[in-house]
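This report describes the structure shown below, moving from the helix to the strands and the core. Particular residues are then taken up in turn.

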Amino acid sequence: MEFRFAHNNFNVLDLEKSIKFYEEALGLKEVRRKEAADGSFILVYMSDGKTTHTLELTWLRDRK
C-alpha cells in the first residue's frame, strides 16, 4: 500500500493576500473554491498543475 497526501491545509486571515503569495512564490493557481452558503468560510484549493496534490487555504469568518 502506498500512502499519499491529497492536500495540505493552512488557515489564513487574508485570503486574497495568501492566494497572491502562493501564486508568486510557488507558481500555484486556484483550481477549486467552496464557499459556505452562510458566508462562514471559504476554501480555496491551489495546484501546480503537474501533480494531484493541492494546497487548501481556509478562510474562517470568525477567526481573528
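Which exposed residues does the face of α1 turned away from its buried side carry? That face carries Lys17 and Glu24. The model discussed here is predicted.

## Overall architecture

The protein comprises 1 helix and 4 strands, and its elements follow the order β-α-β-β-β from the N terminus. Along the principal axes, the C-alpha atoms fill a box of roughly 40 × 30 × 20 Å.

The protein has 64 residues, of which 28% count as buried. Among contacts between residues at least 6 apart in sequence, 41% join residues at least 24 apart.

## Helix α1

Helix α1 covers residues 15-26, 12 residues in all. From its first C-alpha to its last it reaches 16 Å, close to the 16 Å expected at 1.5 Å a residue. At the start of the helix, a side-chain oxygen of aspartate 14 comes to within 3.4 Å of the backbone nitrogen of glutamate 16. After the helix comes glycine 27, with a positive phi near 70°.

The buried residues of α1 are Leu15, Ser18, Ile19 and Tyr22. Seen down the helix axis, the buried residues fall within an arc of 100°, so they line one face of α1. An α-helix has 3.6 residues a turn, so residues three or four places apart point the same way. The buried residues of α1 pack against β1 (7-12), β2, β3 and β4 (54-60).

## Strand pairing and turns

Strand β2 (residues 29-35) and strand β3 (residues 41-47) run antiparallel and are joined by 6 bridges. Within this pairing, arginine 33 of the model stands opposite valine 44 in β3, and lysine 34 stands opposite leucine 43 in β3. The two strands form a hairpin with 5 residues between them, and glycine 39 in the turn has a positive phi of about 75°.

Strands β3 and β4 also pair in the antiparallel sense, over 6 bridges. Here valine 44 has leucine 57 in β4 as its bridge partner. The hairpin of β3 and β4 has 6 residues between the strands, and glycine 49 in this hairpin takes a positive phi near 75°. Strand β3 is mostly covered, with 6 of its 7 residues buried.

## The nonpolar core

The largest nonpolar core contains 10 residues: Val12, Leu15, Ile19, Tyr22, Leu28, Ile42, Val44, Met46, Leu55 and Leu57. At least two residues of this core come from each of α1, β3 and β4. In soluble globular proteins, nonpolar side chains tend to be buried together.

Leucine 57 belongs to this core and is also the bridge partner of valine 44. Not counting residues up to four places away in sequence, leucine 57 touches Phe10, Val12, Leu15, Ser18, Ile19, Tyr22, Ile42, Leu43, Val44 and Met46.

## Threonine 54

Leaving aside neighbours within four places in sequence, threonine 54 is in contact with Ala6, His7, Asn8, Val31, Tyr45, Met46 and Ser47. One of these contacts, Met46, is a member of the largest nonpolar core.

## Glutamate 30

Glutamate 30 is placed in strand β2. Its relative accessibility is 35%, so glutamate 30 counts as partly exposed; this class lies between the limits of 20% and 50%. The side chains of glutamate 30 and arginine 33 are joined by a polar contact of 2.9 Å.

Which residues is glutamate 30 in contact with, leaving aside its neighbours within four places in sequence? They are Ile19, Val44, Tyr45 and Met46. Glutamate 30 and isoleucine 19 are 11 residues apart in sequence, and their C-alpha atoms are 7.7 Å apart in space. Among the contacts of glutamate 30 are Ile19, Val44 and Met46, and these residues belong to the largest nonpolar core.

Definitions and conventions
Residues numbered from 1 in each chain as written. Predicted model: local features only at pLDDT ≥ 70, side-chain atom pairs only at ≥ 80, totals over all residues. Heavy atoms only, no water. Pairing = 2+ DSSP bridges. Expected span 1.5 Å × (residues − 1). Buried < 20%, exposed > 50% of the residue type's maximum accessible area, 1.4 Å probe, protein only. Arc of directions from axis to C-beta. Contact = heavy atoms within 4.5 Å. Polar contact = N/O pair within 3.5 Å; in protein donor to acceptor, adjacent residues only side chain to side chain. Core = buried A, V, L, I, M, F, W, Y, C linked by side-chain atoms within 4.5 Å.
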